[in-house]
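Dear colleague,

Please find below the structure that I am handing over to you. My notes on it follow.

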Amino acid sequence: MEIFRKATASDCADAFRLVCEIEKKRLPYTEFSTIFRQQLGNKQYFWLVCESKGAVVGFLNLRCEEQLHHCSRIGEILELVVDAAYRNQGIGKQLFDWACQVAREQGCTQVEGVCGQDWEDARQLYETSGMQNTHFKLTMALDDPAEKTEAQAI
């Protein structure tokens, strides 16, 4: 049986493990930990984790903020990650539904979800939950990846 609860600082290592898994690389833990703790203390961010048998097997990070191009408050799912061994069991859908509920409670008029182009499971979850692909998100690195000595391919 899964248990869903708000994230705490002690969930950092598990969130790190799951994000590294989905990103297929080892991120710098010190920076990750700093950002994680800052977000936990920021009222714009909402974190939910899913535990199974005492282990964190998934989490969701939602940010709610006013956005000029919408002229309203928007909820953006920044990360929604479920351990590969626990996918396709409804955990992602429950995390998604929680995000929509929190976004409504926070006065958001819309929920957006971000996922990598090769994250088929996440994209499929978003689409079957009623989301539509209405935007393109383009990115460009501004630093030299060789300088990130702690970040390594997994």
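**Buried charges and their partners**

In this predicted model, Arg 63 is buried, since its relative accessible area is 18%, and the cut-off for burial is under 20%. The side chain of Arg 63 forms a salt bridge with that of Glu 76, at 2.7 Å from N to O. Because Arg 63 belongs to strand β4 and Glu 76 to strand β5, this pair ties together parts that are 13 residues apart in sequence. Glu 76 also counts as buried, at 11% relative accessibility. Arg 63 meets Glu 65 in a further salt bridge, at 3.5 Å from N to O.

Arg 73 and Glu 66 are likewise joined by a salt bridge between their side chains (3.1 Å, N to O). Here Arg 73 counts as buried, at 16% relative accessibility, whereas Glu 66 counts as exposed, at 56%. The structure holds 11 salt bridges.

**The sheet**

Five strands make up an open sheet of mixed pairing, in the order β1-β3-β4-β5-β6. Strands β1 (2–6) and β6 (110–113) are at the edges with a single partner strand each, so one side of each has no neighbour in the sheet. On average, neighbouring strands are turned by 25° against each other, direction ignored. Between β3 (residues 45–52) and β4 (residues 55–67) the pairing is antiparallel and extends over eight bridges; Val 49 stands opposite Phe 59 in β4. Helix α1 (residues 12–23) lies across β3, β4 and β5 (72–82), at about 85° to β4.

**The cores and helix α3**

The largest nonpolar core has 22 residues, of which Leu 60, Leu 62, Ile 77, Leu 80, Leu 95, Phe 96 and Trp 98 touch the most other members. Two or more residues come from each of β3, β4, β5, α3 (91–105) and α4 (120–128), and α3 gives the most, with eight. Apart from this core lies another, of 20 residues, including Tyr 45 and Trp 47.

The buried residues of α3, among them Ile 91, Cys 100 and Val 102, pack against β1, β3, β4, β5, β6 and α4. At 1.5 Å a residue, the 15 residues of α3 should span 21 Å, and this agrees with the 21 Å between its end C-alpha atoms. After α3 comes Gly 107, with a positive phi near 80°.

Yours sincerely

Terms used
Residues numbered from 1 in each chain as written. Predicted model: local features only at pLDDT ≥ 70, side-chain atom pairs only at ≥ 80, totals over all residues. Heavy atoms only, no water. Pairing = 2+ DSSP bridges. Helix = DSSP H or I, 4+ residues; strand = E, 2+ residues; numbered from the N terminus. Axes fitted to C-alpha atoms, helices over the stretch in contact; angles between N-to-C directions. Contact = heavy atoms within 4.5 Å. Core = buried A, V, L, I, M, F, W, Y, C linked by side-chain atoms within 4.5 Å. Buried < 20%, exposed > 50% of the residue type's maximum accessible area, 1.4 Å probe, protein only. Expected span 1.5 Å × (residues − 1). Salt bridge = Lys/Arg side-chain N within 4 Å of Asp/Glu carboxyl O.
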